Amino acid sequence: MKGITKLILAMSVGAFSAGGFGQDSSEFSFFKSMEGKWEGVQTRDTGEVVKTQSEFIILSDGNTVLERLVEDGMPMMTTYSEEEGVLVVKHYCALGTEPEFEAALMGDSKMSLALSPMSGYVSGEANFLNSISYEKVSTSEYIVASQASVEGATQSNRTVLTRVD
């Protein structure tokens with residue numbers, strides 16, 4: 001009886017592994033390929049230049065990518081996952097909001113994320129990140145451009161990230 005219970009338990013656990021759900025979308029795979037530690041320099045449209053660090057960690061048997069991000073000493077976090085084959089991105093921002101994004105454009109070496117209409121954020125009513133784009137220059141370098149709505153005005157940033165591990 002114990003052997004049957006162990007077999008049923010092993011089969012149940014196996015049914016919930018990533019292998020049981022098919023292939024990742026190309027959008028989600030894009031972020032999985034960034035696994036590791038990165039450092040960079042961000043140039044803001046104000047002319048200010050700050051240091052950044054990111055670490056992309058694959059969690060939950062390959063079903064979630066967690067980005068731990070520090071910009072100018074301010075820690076933030078972004079999660080990347082899939083729901084029914086659709087990329088789901090949620091950013092926990094230093095601006096005090098939690099915008100969600102969806103893939104807007106995908107190319108061989110580029111990925112653009114646009115604010116999901118479901119987020120409900122409106123420029124001038126809240127401060128929030130409203131778009132992010134990633135350009136893969138090489139396996140060890142990415143350019144990340146972002147725009148945020150801050151007090152009703154658009155602020156742009158450009159970061160060059162370099163892999164450090």
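**Exercises on a pocket and on aromatic pairs**

The lining of the largest pocket divides into 15 nonpolar, 10 polar and six charged residues, where Ala, Val, Leu, Ile, Met, Phe, Trp, Tyr, Cys and Pro count as nonpolar, Asp, Glu, Lys and Arg as charged, and the others, Gly among them, as polar. This is a predicted model, in which local features need pLDDT of at least 70 and side-chain atom pairs count only at pLDDT 80 or more, while totals for chains, interfaces and linings use all residues. Residues are numbered from 1 along each chain, and side-chain values use heavy atoms, without hydrogens and water.

**Exercise 1.** State which residues lie nearest the centre of the largest pocket.

*Solution.* The lining comprises 31 residues, and Gln42, Glu71, Met76, Ser146 and Asn157 lie nearest the centre.

**Exercise 2.** Classify the ring pair of Phe31 and Tyr80.

*Solution.* Rings of Phe, Tyr and Trp (its six-membered ring) pair if their centres lie within 6.5 Å, and planes under 30 degrees apart count as stacked, over 60 as edge-to-face and the rest as tilted. By this rule there are eight aromatic pairs. The centres of Phe31 and Tyr80 are 4.2 Å apart and the planes stand at 20°, so this pair is stacked. Both Phe31 and Tyr80 are buried, a word that means under 20% relative accessible area (1.4 Å probe, protein chains only).

**Exercise 3.** Classify the ring pair of Trp38 and Tyr142.

*Solution.* With 5.2 Å from centre to centre and 85° between the planes, Trp38 and Tyr142 are edge-to-face. Trp38 is buried, as is Tyr142. Finally, Phe30, Phe31, Trp38, Phe56, Tyr80, Tyr134 and Tyr142 form one aromatic cluster.

Definitions and conventions: On a 1 Å grid over the protein atoms alone, a cavity is a set of points where a 1.4 Å probe fits but cannot get out, and a pocket is an open set with protein on both sides within 12 Å along at least five of seven lines; lining residues have an atom within 4 Å of a point. Buried means under 20% relative accessible area, exposed over 50%, partly exposed in between (1.4 Å probe, protein chains only).
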